[in-house]
Amino acid sequence: MAGIPRHQGAVISAGVLLGTGLGGFLDGILLHQLLQWHNMLSSQIPPTDLVAMKVNMFWDGLFHAFTWLVTAIGLGLLWRAGQRPEVPWSTRTFVGSLSIGWGAFNLVEGLIDHHLLGIHHVHPGAGQLAWDVGFLLFGALLVAVGWGLVRAGRKDTRPRGAPVLSSRERLIERRA
């Protein structure tokens with residue numbers, strides 16, 4: 001692939017969208033459904049009766065539809081990126097992008113839903129502020145780790161389909 005410019009952007013955008021969607025799915029499945037700590041509107045419409053539970057379930061469904069759509073778009077972008085020869089296939093870039101997407105989801109969802117609108121909290125009740133701040137800090141950590149991986153992935157230039165080289169072979173190749 002000598003002479004062909006390398007572009008990480010296609011893998012990064014696909015990974016960020018996939019990370020956003022998958023982070024949203026994890027939030028919805030774990031916090032909304034399995035642990036049942038909150039629903040989408042549980043601070044505004046506490047799920048204390050059947051009607052309120054149905055309203056919250058509807059909004060949780062819209063939330064899951066959104067995360068499904070973002071994930072589907074991310075898959076489409078990843079498919080297109082895989083067909084482009086100038087896009088390096090880098091695990092560090094892709095995993096870093098997933099991490100950035102998941103972290104960005106936590107930061108945006110946490111700031112808007114937990115703090116600005118107050119429509120729900122991670123774990124309502126005693127200590128809810130600590131849970132909400134922890135959610136934001138975890139999101140910031142994911143973005144920082146992802147950023148570092150994407151930056152490290154800039155060095156990954158092996159074309160798709162090229163043989164994986166041993167450490168010794170890579171050293172010889174660098175010296176050449």
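Close-up 1. T157 sits in the loop that links α4 to α5 (167-175); helices are DSSP runs of H or I of at least four residues, numbered from the N terminus.

**Close-up 2. The crossing of helices α3 and α4.** The axes of α3 (residues 91-116) and α4 (residues 128-153) come within 7 Å and cross at roughly 155 degrees (lines fitted to C-alpha atoms over the stretch in contact, with angles from 0 to 180 degrees between N-to-C directions). Therefore α3 is roughly antiparallel to α4 (angles over 145 degrees). The residues of this contact comprise 20 nonpolar, 12 polar and 3 charged (Ala, Val, Leu, Ile, Met, Phe, Trp, Tyr, Cys and Pro are nonpolar; Asp, Glu, Lys and Arg charged; the others, Gly among them, polar).

**Close-up 3. Residues lining the second largest pocket.** Of the 14 lining residues, H32, Q36, N39, M53 and D60 lie nearest the centre of the pocket (an open set of points on a 1 Å grid over the protein atoms alone, with protein on both sides within 12 Å along at least five of seven lines; lining residues have an atom within 4 Å of a point). The largest share of this lining, 6 residues, comes from α2. By class, the lining has 4 nonpolar, 9 polar and 1 charged.

**Notes.** Residues are numbered from 1 along each chain as its sequence is written. In this predicted model, local features need pLDDT of at least 70 and side-chain atom pairs count only at pLDDT 80 or more, while totals for chains, interfaces and linings use all residues; side-chain values use heavy atoms, without hydrogens and water.

Terms used. Helices (H or I, at least four residues) and strands (E, at least two) are DSSP runs, numbered from the N terminus. Angles under 35 degrees count as roughly parallel, over 145 as roughly antiparallel, 65 to 115 as roughly perpendicular and the rest as oblique. On a 1 Å grid over the protein atoms alone, a cavity is a set of points where a 1.4 Å probe fits but cannot get out, and a pocket is an open set with protein on both sides within 12 Å along at least five of seven lines; lining residues have an atom within 4 Å of a point.
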